[in-house]
Amino acid sequence: MNEQREVIYRYRDRVLDGEDISETAKTQIADAIERLSDEYMPSDFVEDWDLDELFTQLEQIYPTALEADEIDANSANKADLVKELRDDIVSAYEEREGELGEELMRMLERFILLQILDERWREHLHDMDYLREGIHLRGFAQEDPLVAYKNEAYNMFRALIQSIWEEFARVIFNVEVQIEQQNGGGDGQVWQAPVTSTPTRGLQYAGGTAADQPSALAAAAAGGGVPVGMAEAAGYAADATGEPPPQVIETRVLSEEEKIGRNDPCWCGSGKKFKKCHGATA
């Protein structure tokens, strides 16, 4: 576990230090494509290949420039095809960098890899706990539990590293990037991944303080002339600026026969009980 942790932390340190990992990324995603090719082309015999499914999987990772129909089954060679696929994804990666720009591409590489590393490493730690809990059962099969644990842990860690770069390839080619210019022609740049983000999570607001932005509606209401139906809207505006919402005063006219109770709303429209308003001086 300590050896595995050191490998993962070396990756994280490189990312956090801002190191350029583009060459490492190209090599690793090319290796991921080669492993995928071996899965659907298990031998050198074309009869054992499943090119249609292979290219279906490839298209889910990156925009391939090759097509299964273009491959001549009679003269196809596995080694040449694998090399062509490796070159194709590296070329697509460089095109992606040209599309986004070198600076933004470096930021994306570091951000995406760091997120995937942390998530997959946590999952791996849970899997290692499960393995440790049940590894003693290998003794019933005449296996040394310690040796079995080390072998299983090594295989799981290899699978972890491979899955990290496979997911990295899927994200880097399919993430949607949005360039936002700051007010005044600034060159701020951000990226978003709408697949995993809520519609409002990426929204940002920048402006002055509330005191610097008085509500015109609230100001008009304070000066009178605001219809009753607009009072609620003025309240919302006041919430945003810190100003109290304007109150609409309704004065009741009492007849000589009408009497008002001490706990009834005061006739002046203040909203207070009669006994705490005009009734207090009566």
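My entries below go from the overall fold to helix packing and then to the cores.

**Ground rules.** I am working with a predicted model, where local features need pLDDT of at least 70 and side-chain atom pairs count only at pLDDT 80 or more, while totals for chains, interfaces and linings use all residues. I number residues from 1 along each chain as its sequence is written, and side-chain values use heavy atoms, with hydrogens and water left out.

**Overall fold.** I looked up the secondary structure and found eight helices and zero strands. Helices here are DSSP runs of H or I with at least four residues, strands are runs of E with at least two, and numbering starts at the N terminus. I also checked burial: 31% of the 282 residues are buried (under 20% relative accessible area, with a 1.4 Å probe and protein chains only).

**H1 against H6.** I took H1 (residues 2-16) and H6 (residues 145-174) next; their axes come within 11 Å and cross at roughly 15 degrees. Axes are lines fitted to C-alpha atoms over the stretch in contact, and angles run from 0 to 180 degrees between N-to-C directions. H1 and H6 are therefore roughly parallel (angles under 35 degrees; 65 to 115 counts as roughly perpendicular). From H1, I noted Gln-4, Val-7, Ile-8 and Tyr-11 meeting H6 residues that include Phe-157 and Trp-165; contact means heavy atoms within 4.5 Å. I sorted the residues of this contact into nine nonpolar, one polar and no charged. Nonpolar covers Ala, Val, Leu, Ile, Met, Phe, Trp, Tyr, Cys and Pro, charged covers Asp, Glu, Lys and Arg, and the others, Gly among them, are polar.

**H2 against H6.** How far apart are the axes of H2 and H6? I found 9 Å, with a packing angle of about 105 degrees. H2 and H6 are therefore roughly perpendicular. Among the residues in this contact are Ile-29 and Arg-35 of H2, and Trp-165 and Glu-166 of H6. The class count is seven nonpolar, three polar and two charged.

**The cores.** Which residues touch the most other members of the largest nonpolar core? I got Leu-51, Tyr-62, Leu-85 and Phe-168, out of 46 residues. Such a core is a set of buried Ala, Val, Leu, Ile, Met, Phe, Trp, Tyr and Cys residues joined through side-chain atoms within 4.5 Å. Another core, of six residues including Leu-131 and Tyr-149, lies apart from it.

How values were computed. Angles under 35 degrees count as roughly parallel, over 145 as roughly antiparallel, 65 to 115 as roughly perpendicular and the rest as oblique. Buried means under 20% relative accessible area, exposed over 50%, partly exposed in between (1.4 Å probe, protein chains only).
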